[in-house]
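Subject: Structure handover

Hello,

Here is the structure I said I would pass on. Please have it open while you read the notes below.

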Number of protein chains: 2
Amino acid sequence: MDTSTVGERTAEQPSPIDRIEHAQAHELVVDQIRRAIQLGRFLPGDRLPAERDLAGLLGVSRATVREAIRVLEADGVVSVRRGAHGGLVVNRLHAMDTRTLRARLKKQARELNDIFDYRLVVECMAARLAAERRTDEDLVYLGEVLERMAELAADPGGEHGAHITAQFNAADTEFHLGIASAAANPYLIEGAEKMRRAMFLPVGAVFSQLRTDANDIHAAIFDAIKDSDADAAEHHMRQHVEATRKAMADLLKPAGDA
Amino acid sequence: MDTSTVGERTAEQPSPIDRIEHAQAHELVVDQIRRAIQLGRFLPGDRLPAERDLAGLLGVSRATVREAIRVLEADGVVSVRRGAHGGLVVNRLHAMDTRTLRARLKKQARELNDIFDYRLVVECMAARLAAERRTDEDLVYLGEVLERMAELAADPGGEHGAHITAQFNAADTEFHLGIASAAANPYLIEGAEKMRRAMFLPVGAVFSQLRTDANDIHAAIFDAIKDSDADAAEHHMRQHVEATRKAMADLLKPAGDA
DNA sequence: GTGCAATGGTCAATTTTGTAGTCCTTTGAC
DNA sequence: GTCAAAGGACTACAAAATTGACCATTGCAC
């Protein structure tokens, strides 16, 4: 055997150095736009800024933005309309019937579980710290979001029920991220945002049912933060997260329903 | 006033879309090499793989690797030696005397606090889940690391005390990341690694003192994980992290010493 | 209806970044 | 002293992004 090969034998040397993943500019743009949509900053039906504006906001050329748009379009996330009041329109989530959804969640059960394990610790700590550190501004902001959610929960919805749900969801995201912001720990903020994005699909599908339930416990969390009661804030947040986890697990288990 | 400008007035529209940060290839390489060093995969005095090998491992061209090396060199992280058994050598951390260190830590006090808040929740949950999920392989691995740390703690060190400390630190990192691995939750693994990297500087400077203390509690954590006692695992981990936080805080406060 | 302005669609020229391959230089071990 | 294993330097090429201009479509105001 000659000795010219680099590694001893062909055995894999477990190197502590990983390959570089050099994303292209348009991939980063895709991710950034997806992120905004997943965090509910743009709702289905909303128009994104025009290509030229996006290029400016993102700090890349228009050509790059257009590459990204092609990807998002192919993925069904946005639609492109030409002409004067055209532009980029966020699509509705492809509606999944209960069966499809359940199959999908089941396949991702393990992943969902990981997400919730992580979410639990991150959001509980965020709630605790928020109770200790929140400013008056934080309270005003959270209060407004809560108010908005209450109105949305009261709205019967009717025809545009899906849109109400989307709005509610966006507000819910703002509430949870707002708590992380009040906790003023960048690691927690980042973690909370990551959770939200990871739950985008599953939650979007499930949450239409538990709107009103959520409101009460949100209020409890808010009050605890307002009263600077860290233990209570953590407690309620734990209940809330576990309730959400359970709601999703329930959707998975029972063979009943349509 | 003409209406040609895009935004109404010059007021900043708080857009939900951030600028893209398009890192160049060599920056990613710098980060990857830094990561390996900060996680203790390469200790001071160790040689990194040769440029050509690094290029292969990282999946980039040699020119790109060389750009990265120039950055790391300028930053004092590695030294370059030409000739036959030359190559890239990891430098010792610039030794900081207690005064300098304290000044530095003080300036980063807030940041350190954030790190520890986050570390606490991530590592406690990791310990808990590790107790529930660890495989026999995990136990063997953690046991080996623990063993190694015990030997290093026993070693008087003498002249090469700094090197012993570096080795101990690397083993400590392996222990904590090993627990996160045993918890088998990718979010926790990522979080734990991020913590480690963030603590690279401060810990490296402080830890020479509390080697032996750490060993006992590490053993306690290990036993709890072995016994699948989640509560105990979390409890000991909490104690451990808090002790470390305290050690660092102590270094900050007292005017004595030096 | 007409025209305008806003928007996406297309293209070409240029610059920047990264790769591939070659050869040179230094240096330690045998 | 020789040689092999490094880093150093250079050239030619390929790929990715930017820039800027111009075209095509469409809805709204008049």
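Start with DNA strand D, which is surrounded by 27 residues, where a residue is near a strand if one of its heavy atoms lies within 4 Å of it. The closest are A:A25, A:S61, A:T64, B:R62 and B:R66. Of the atoms of DNA strand D that come within 4 Å of the protein, 68% are sugar and phosphate.

Before going further, note that this is a predicted model: local features need pLDDT of at least 70, side-chain atom pairs count only at pLDDT 80 or more, and totals for chains, interfaces and linings use all residues. Residues are numbered from 1 along each chain as its sequence is written, chains are lettered from A and ligands numbered from 1 in the order in which they are written, and side-chain values use heavy atoms, with hydrogens and water left out.

A:A25 uses a backbone N or O atom, 2.6 Å from a phosphate oxygen. A:S61 uses a side-chain N or O atom at 2.8 Å from a phosphate oxygen, and B:R47 has a side-chain N or O atom at 3.1 Å from one.

By class, the surface near DNA strand D has eight nonpolar, eight polar and 11 charged residues. Here Ala, Val, Leu, Ile, Met, Phe, Trp, Tyr, Cys and Pro count as nonpolar, Asp, Glu, Lys and Arg as charged, and the others, Gly among them, as polar.

Now DNA strand C. It is surrounded by 25 residues, and the closest are A:R62, A:R66, B:A25, B:S61 and B:T64. Sugar or phosphate makes up 67% of the atoms of DNA strand C within 4 Å of the protein, and bases the rest. A base is contacted too: a side-chain N or O atom of A:R52 is 3.1 Å from a base nitrogen of DNA strand C. Among the elements, α3(A) gives the most to the surface near DNA strand C, with three residues; helices (H or I, at least four residues) and strands (E, at least two) are DSSP runs, numbered from the N terminus.

In chain A, β1(A) and β2(A) pair in the antiparallel sense over four bridges (two strands pair if DSSP finds at least two bridges between them). A:V78 has A:V90 of β2(A) as its bridge partner. The two strands form a hairpin with five residues between them, and A:G83 in the turn has a positive phi of about 95°.

How are the two protein chains related? Chain A can be laid on chain B with an RMSD of 0.1 Å by a turn of 180° and a shift of 0.0 Å along the axis. That is the relation of a two-fold axis. The superposition is by least squares on the C-alpha atoms of residues with pLDDT of at least 70 in both copies. The C-alpha of A:V121 comes closest to the rotation axis of any residue of chain A, at 2.9 Å.

As for the interface, 47 residues of chain A are in contact with 47 residues of chain B, contact meaning heavy atoms within 4.5 Å. The copies meet through the same surface, because 100% of the interface residues of chain A are also interface residues in chain B.

Regards

Notes: Polar contact = N/O pair within 3.5 Å; in protein donor to acceptor, adjacent residues only side chain to side chain.
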